[in-house]
Amino acid sequence: MTERIFPIFDDAMSQDFSRLTEILGGSPGYNQSDEPNMLLASNDAEAIKTFLMDYKDSKQTYRSYLKEIERLVLWCMHVPKITISDLKREHLLIYRDFILEPEPKPLWCGPKKSKLTKSGEFNIEWRPFVGGLSKPTARKTISILDSFFNYLVQNNYLGGNPLAVDKRRKGKKSNSTDRWLERDEISVTLEALTELEHETELKFEAARAKYIILTLFYTGLRLAELANHTMGDFQLLEGEWYLSVIGKGEKPRKIVVVDEYLDVLVQFRHMMQLPSKLPEYQEKTPLVPALDRKSSITDNRISQILRWGFNFGADKYEHKVATSEEERMIFQHKASKLRKASAHWLRHSYGTYLVKSGCPIERVKSLMGHSDISTTMIYVHIAKNDLHVSARNLSLKEDEA
């Protein structure tokens, strides 16, 4: 192989995809989805362009994703000589080994040089690798590509993710798909706390527990985020309310405040006898204040309040009058579930119901503060939960003539 490796993108964020279109503008491969895709992409080049454009406002992420996609496209051009939508699992396993030790080295590796010459021409001395990647860096590369393929699958451009079956999870398996609360389970808990609110000595405690549950459901905040922010983090921008959060890894994000939650906030502030119905600019009141309206409460205390509230919800299920044995077992199951619930379950509920409401997966990722879309993809299982419908006709009984 004697041909040079030419770059597909320049170093600037000019979004010039002409070379990419030249290379990948033909017919897609076997893995193109049969479903109408949401990207309005008729080929791999257009699909890649749409994916990258979703990150145009995040310069560092854009460059990182662009670099890994460019490397993969170049490899596809020169090694298996196929297009992105033709990739299979076996191809990606070969690619994973390749990035650890690119061969032949003179073709793929060289000193770090700019992709463009001073005259703006492509630099034929540029190479996609300085050397083989370390194992941690290679894992990050595969994670980025996994997010890329997930995006194309989620938007019905690809039929499947060729990396999906190659995931390795170490330690305790995640059961995020189970740890969320359905609307009726939250509603029953709120009903139980409303009844408790009418008992004068527990009025404040019950109202605060309701407010915490509703805040977590409508915002998807992590427990530490709920404990560490103030009412001043609510912002009114062009007539719309947002909650500005500094989240995990000091990453900022804005959460949309829907009208239903705004009503909750007004009601809670009235109960707390705060001076205004809605948060004031840079107001110092903690998001979850103590009775003195000035002090914040710890995340451990919030967890205790939630357990206390969910137990009342569980009690209410256990005292419901069932009309059948099946309904009684359902109530018992939901009661036992509530006794295990936590703040993070409400965060999972937020993500799940965002997806069910039709919110695009990339927007869900942004609202939840995920760094990788593969984390967000766990919520798709609920929105597309048609497994029960598909399998319900399974039976040992013979078909009637």
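Figure 1. L237 stands opposite E240 in β2. This is a predicted model, in which local features need pLDDT of at least 70 and side-chain atom pairs count only at pLDDT 80 or more, while totals for chains, interfaces and linings use all residues. Residues are numbered from 1 along each chain as its sequence is written, and side-chain values use heavy atoms, with hydrogens and water left out. Strands are DSSP runs of E with at least two residues, and helices are runs of H or I with at least four, numbered from the N terminus. Two strands pair if DSSP finds at least two bridges between them. F234 has L243 in β2 as its bridge partner. The hairpin has 2 residues between the strands, and E238 takes a positive phi near 50°.

**Figure 2. The hairpin of β2 and β3.** These strands run antiparallel and are joined by 5 bridges. S244 stands opposite K254 in β3. Between the strands of this hairpin there are 5 residues, and G249 takes a positive phi near 70°.

**Figure 3. The open sheet of 3 strands.** The strand order is β1-β2-β3, with antiparallel pairing. β1 (234-237) and β3 (252-256) stand at the edges with a single partner strand each, so one side of each is left without a neighbour in the sheet. On average, neighbouring strands of this sheet are turned by 35° against each other, direction ignored. Axes here are lines fitted to C-alpha atoms, for helices over the stretch in contact, and angles run from 0 to 180 degrees between N-to-C directions.

**Figure 4. The packing of helices α8 and α11.** Helix α8 (residues 203-219) packs against helix α11 (residues 299-318) at an angle of about 100°, and their axes are 10 Å apart. That makes α8 roughly perpendicular to α11, a term for angles of 65 to 115 degrees. E205, A206, R208, A209, I212, I213 and L216 in α8 meet R301, I302, I305, L306, W308 and F310 in α11, where contact means heavy atoms within 4.5 Å. The residues of this contact comprise 10 nonpolar, no polar and 3 charged. Ala, Val, Leu, Ile, Met, Phe, Trp, Tyr, Cys and Pro count as nonpolar, Asp, Glu, Lys and Arg as charged, and the others, Gly among them, as polar.

**Figure 5. Two cysteines, C76 and C109.** C76 is buried, with a relative accessible area of 1%. C109 also counts as buried, at 13% relative accessibility. Buried means under 20% relative accessible area, exposed over 50% and partly exposed in between, with a 1.4 Å probe and protein chains only. A search of the whole structure finds 0 disulfides, a disulfide being a pair of cysteine sulfur atoms within 2.5 Å.

Notes
Angles under 35 degrees count as roughly parallel, over 145 as roughly antiparallel, 65 to 115 as roughly perpendicular and the rest as oblique.
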